[in-house]
Amino acid sequence: SYMEYDLSKVGVEKDLQYECITTTISKDGVKNAGAFAFVYLGEDKVHCHIFEGSKTLKNILDTKEYVVNITQDSLVFTYATLDCLGDEYYTDDTDIAIIKNTPAYIIVDVENIEIETPENFPIKGDKSIYFITGKIREYVINDEYARAFNRGMSGRIEGLVNFSRYKIVGEEQRKVYMDKLLENQRVINKVSDDKTKKAMDYLVKQYEKY
């Protein structure tokens, strides 16, 4: 049996990809944060994929648990991505790493880890990718306005901002904007909901008129 979780309360839809801060703790109790994508598979199942070599991965392999912190705090995102989130950002818990005052968080117990090679991945490299599936142990909302961040939103806004410029710039700069637009469309097709995809398709058609 499993518990059904309503992640729509924090803006998370099934099978879409959200950018969140993943916090882990090492066997020696050292806390770590990294920014990784998170996917809700339905019921109590979640998924993330992490390239080999990160502290986050090592800690997950050692402890078989991690925490998904749902936040849009730009400093937290920056420090976590650059691997320098200070101790003052964590709660006082000694056995688990949770970001203090995070709008919402999900504690995940890891159930399955598969190692894939990067061939079918947009990022080509030598490092293996670990596909990690787990189940939700705890789901806490601290702020009713908590929303997970989906990259589709920023891609669409960038495309709209650039559109007004696209109409007035020269050929070379147009190519730059068009490349950005198509890259954002690729990301949106991968991570976003139907409404965002539809909006992006419409925007691409407007670009193509010029």
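Five aromatic pairs are counted in this predicted model. One of them joins Tyr-79 and Tyr-89, with ring centres 6.0 Å apart. Their planes meet at 70°, so the pair is edge-to-face. Tyr-79 belongs to helix α2 (residues 74-81), while Tyr-89 lies in the loop between α2 and β5 (104-116). The pair therefore ties together parts that are 10 residues apart in sequence.

Phe-163 and Tyr-207 form a tilted aromatic pair. Their centres are 5.2 Å apart, with 45° between the planes. This pair links distant parts of the chain, 44 residues apart. Phe-163 is in helix α3, and Tyr-207 is in helix α5 (residues 194-208). Both Phe-163 and Tyr-207 are buried. They also belong to a cluster, linked by ring pairs, with Tyr-166 and Tyr-210.

With a relative accessible area of 47%, Leu-160 is partly exposed. Together with Met-153, Ile-157 and Val-161, Leu-160 forms a nonpolar surface patch. The accessible area of the patch is about 340 Å².

Asn-184 is found in helix α4 (residues 171-191). Its relative accessibility is 15%, so Asn-184 counts as buried. Beyond residues up to four places away in sequence, Asn-184 touches Gly-155, Glu-158 and Met-200. The C-alpha atoms of Asn-184 and Tyr-40 are separated by 22 Å, and the two residues are 144 residues apart along the chain.

Technical notes
Residues numbered from 1 in each chain as written. Predicted model: local features only at pLDDT ≥ 70, side-chain atom pairs only at ≥ 80, totals over all residues. Heavy atoms only, no water. Patch = residues over 30% accessible without salt bridge, like charges linked within 9 Å, V, L, I, M, F, W, Y side chains within 5 Å. Areas by Shrake-Rupley, 256 points an atom, 1.4 Å probe, with all protein chains shown as cover. Salt bridge = Lys/Arg side-chain N within 4 Å of Asp/Glu carboxyl O. Buried < 20%, exposed > 50% of the residue type's maximum accessible area, 1.4 Å probe, protein only. Helix = DSSP H or I, 4+ residues; strand = E, 2+ residues; numbered from the N terminus. Contact = heavy atoms within 4.5 Å. Phe/Tyr/Trp six-rings, centres within 6.5 Å; stacked < 30°, edge-to-face > 60°.
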